[in-house]
Amino acid sequence: MFSPRGTPLTESTLTYLRAGLGVGALLFFLALELSVPYRKPTVSKTRRWVHNIGLTAFNNVVLTLVFATALAGTTAYVTKHQIGILHLWAIPYWLKVVLAVAFLDFVLYVWHLLNHEMPLLWRFHRVHHADLNMDVSTATRFHLGELAISVVIKMGLIYLIGADLFMVFLFESLLLVSAQFHHSSLKVPWRFERVWWLFSVPPSMHRIHHSVVIKERDSNYGTIFSFWDRIFGTMTIGVDQDRIRIGVGAYPRFDQVGLGRLLIMPFTKPVR
Ligand SMILES: [Zn+2]
């Protein structure tokens, strides 16, 4: 496997790079949140972080053990055998990279929308939304079931389009850092946010998505690019940011959304 510049890229190098990027960005946004917070937490940040980072660490260990080899094997296989739509087109490599990232982000948009619209998927996705405050630790707080299904879908997509290791690495890195940024409880100058709204997802846009108001929650699904929401009419703007209450209405207390509760939440009674 080679990068566009011809440097050898191995699966393990990229795994370490991605992990380093994730931890580095987590600490970077945490430092910013503590320096210029958007607002005061309504529950202890330390308590939330223990649960959110605990869940993130547990998920990463299980996903790495179960899927890492299969995921790397899929990209290696499609690259070696030139399988996938991207191999059919005689276009520059950089354009294939752009198309692969845009396509994967579009499918993620659809997947996210389905997670809200389909009751079975919402059972899992509500774990992410049940966080009572939103900050950078919320970005990776998901139920293992949701992540496991999305890894299987991702392997199918890699096979379909013929994405190589670099494309998958770039997509996952952009996804991770973008999610960490727009979940962060960070006071971002409006001048910057206004420009960021045009093509990507700033914290104010995603804060609306984490509102307890269902109409607001069921919008702003974008992760890397914001234009899918604009194209398909799912973008909500103009909400008073200061009155947004974060969470799921059925779980207003912290004892309802601790780590143990989160693990069994998909299998408990349905809530909207
Ligand atoms: Zn969501």
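The buried residues of α1 pack against α6 (165–183), where helices are DSSP runs of H or I with at least four residues, strands are runs of E with at least two, and both are numbered from the N terminus. A residue is termed buried if 20 or more other C-beta atoms lie within 10 Å of its own, exposed if 12 or fewer, and partly exposed in between, with C-beta atoms placed from the backbone. In α1, this class includes Leu14, Ala25, Leu26 and Phe29. Helix α1 covers residues 11–35, and its 25 residues reach 36 Å from the first C-alpha to the last, close to the 36 Å expected at 1.5 Å a residue; the expected span is 1.5 Å times one less than the number of residues.

The structure is a predicted model, in which local features need pLDDT of at least 70 and side-chain atom pairs count only at pLDDT 80 or more, while totals for chains, interfaces and linings use all residues. Residues are numbered from 1 along each chain as its sequence is written.

The secondary structure of the chain comprises eleven helices and zero strands. For 272 residues, a compact globule would have a radius of gyration near 19 Å, and the chain agrees with this at 19 Å; the radius is taken over C-alpha atoms, and the globule rule is 2.2 Å times the number of residues to the power 0.38. The C-alpha trace spans about 50 × 40 × 35 Å along its principal axes. Buried residues account for 33% of the 272 residues. Of the contacts with a separation of 6 or more, 75% are between residues 24 or more positions apart, a contact being two residues whose C-beta atoms, placed from the backbone, lie within 7 Å.

Helix α5 (residues 144–161) packs with α3 at an angle of about 145 degrees, and the two axes are 11 Å apart. Axes are lines fitted to C-alpha atoms, for helices over the stretch in contact, and angles run from 0 to 180 degrees between N-to-C directions. On the α3 side, Ala100, Phe103, Leu104, Val107 and Trp111 meet Ser150, Ile153, Leu157 and Ile161 of α5.

Gln82 lies in the loop between α2 (45–80) and α3 (93–117), and is classed as exposed because it has 10 C-beta neighbours inside 10 Å. Asn220 lies in the loop between α9 (214–217) and α10 (227–231), and counts as buried because it has 24 such neighbours inside 10 Å.
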